[in-house]
Amino acid sequence: MSAGRSALRMGPAELVQAAAMARRFYLEGKSKIQIAEEFGVSRFKVARVLETALERDLVRIEIRVPAELDAERSDALRARYGLRHAVVVESPADATEDAPDPENLGAVAADLLGELVNEGDVLGLAWGRSTIHMAASLHRLPPCTVVQLTGVYDAGTAERGSVEAVRRAAQVSGGDAHPIYAPMLLPDPATASALRSQTGIARAFEYFDKVTVAAVSIGSWEPGISTVHDMLSDEERAHYASLGVAAEMSAHLFDAEGRRVGRDLGERCITVEADRLRRIPEVVAIAGGLRKASAIGAVLRSGLVTSLVTDTAVADYLLTDSAPGLRPALDRADPDD
């Protein structure tokens with residue numbers, strides 16, 4: 001608190017009293033009633049004094065967040081899409097449309113999960129580079145069960161992929177881990193069905209309806225940006241592209257309006273079903289970079305995601321994008337209905 005020039009127009013007694021009341025209220029956290037009792041005045045007098053202290057610049061209030069966080073864009077994005085939480089971090093100064101997700105998304109998402117997860121919750125982690133980076137950045141998490149929501153991109157990378165992410169989160173929380181040792185995409189529905197019935201995988205699937213907080217990644221339908229895209233043949237990619245696929249999340253495909261397309265692909269995948277994902281109270285998407293901007297917008301329109309961690313470049317795109325219509329993240333509405 002500091003006294004500005006306009007405050008000097010107050011008499012010395014007024015200044016001293018106002019400063020004392022402001023200190024009690026803003027720094028010591030006392031209520032107006034408590035201050036009124038201490039100074040022997042009415043709480044209405046206290047309210048007037050505090051208001052005058054602000055008007056005359058005796059008290060200056062500053063709202064500060066870490067430099068890497070953009071509070072204004074975060075709030076605007078939350079309001080526009082009806083998100084429960086939106087956290088926007090600064091994009092790298094040299095960010096281009098070809099740049100990957102900003103490296104600090106994972107650390108910020110890890111801190112957000114530390115806020116959202118409560119003791120006894122079931123945390124679900126889907127495959128994705130962003131969720132893997134997030135898990136690696138976890139340093140605090142209440143005791144909870146951690147379950148893998150999808151198979152892995154390549155069973156041979158399990159140790160440094162989503163299986164390791166589940167283990168890491170469980171280690172930090174001190175809870176049980178339920179990994180899935182299986183590829184995300186199988187050659188045919190029969191093979192996928194057989195794998196789902198295996199004991200370890202079936203046990204993980206049993207937890208899907210108990211998940212309270214989930215972390216997911218988003219990919220554009222382009223090489224190197226969508227895991228599923230890279231696992232398919234050229235013919236299959238062309239087929240799904242002809243259906244208008246614009247985004248992918250947890251092996252679910254979406255067009256630009258957030259409607260699911262290519263649903264037959266899910267029959268070949270080890271992943272949480274979209275209907276189950278929609279029932280999870282908190283689904284946090286971790287995705288950034290201009291190359292993913294339109295895909296992120298598409299997934300937000302799907303109503304499957306409730307919160308988003310992204311960067312300023314993507315936020316600017318989403319805030320100037322065509323109106324999302326209903327607030328899909330808050331309503332959890334399915335565009336197909």
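**Stop 1: a helix contact**

Select Ala 135. Leaving out residues up to four places away in sequence, Ala 135 touches Ala 165 and Arg 168, where contact means heavy atoms within 4.5 Å. Ala 135 belongs to helix α6, residues 129-136. Helices (H or I, at least four residues) and strands (E, at least two) are DSSP runs, numbered from the N terminus. Ala 135 counts as buried because its relative accessibility is 0%. Buried means under 20% relative accessible area, exposed over 50%, and partly exposed in between, with a 1.4 Å probe and protein chains only.

**Before moving on: ground rules**

This is a predicted model, so local features need pLDDT of at least 70 and side-chain atom pairs count only at pLDDT 80 or more, while totals for chains, interfaces and linings use all residues. Residues are numbered from 1 along each chain as its sequence is written, and side-chain values use heavy atoms, with hydrogens and water left out.

**Stop 2**

Select Thr 145 in strand β3, residues 145-148. Thr 145 is buried, at a relative accessible area of 17%. Which residues does Thr 145 contact, leaving aside neighbours within four places in sequence? Show Asp 121, Val 122, Leu 123, Asp 176, His 178 and Tyr 207.

**Stop 3: the β7-β8 loop**

Go to Ser 250, in the loop between β7 (247-249) and β8 (252-254). Ser 250 is not a glycine, but has a positive phi of about 55 degrees. Ala 251 sits in the loop between β7 and β8. Ala 251 is not a glycine either, and its phi is positive, about 70 degrees. Buried or exposed? Ser 250 counts as buried at 3% relative accessibility, and Ala 251 counts as buried at 3%.

**Stop 4: the cores**

Now select Leu 77 and Met 249. Of the 47 residues in the largest nonpolar core, these two touch the most other members. A nonpolar core is a set of buried Ala, Val, Leu, Ile, Met, Phe, Trp, Tyr and Cys residues joined through side-chain atoms within 4.5 Å. Helix α13 gives the most to this core, with six residues. Apart from this core lies another, of 41 residues, among them Val 117, Ala 215, Leu 232 and Tyr 240.

Stay on Met 249. Not counting residues up to four places away in sequence, its contacts include Val 216, Ile 218, Phe 254, Leu 277 and Val 299.

**Stop 5: helix α14**

Select residues 312-320, helix α14. Its buried residues are Thr 312, Ala 313, Val 314, Ala 315 and Leu 318. Their cover includes α4 (71-81), β1 (85-89), α13 (293-301) and β11 (307-311). At the start of α14, a side-chain oxygen of Asp 311 comes to within 3.3 Å of the backbone nitrogen of Ala 313.

**Last stop: confidence**

Colour by pLDDT, the predictor's confidence in each residue, from 0 to 100. The chain mean is 86, and 87% of its residues reach 70 or more. Select residues 1-8: pLDDT stays under 50, and the model has 19 contacts beyond four places in sequence for them. Residues 155-159 also stay under 50, with four such contacts. Where pLDDT is low, the predicted coordinates should not be read in detail.

How values were computed
A polar contact is a pair of N or O atoms within 3.5 Å; within protein, one must be able to donate a hydrogen and the other to accept it, and residues adjacent in sequence count only if both atoms are side-chain atoms.
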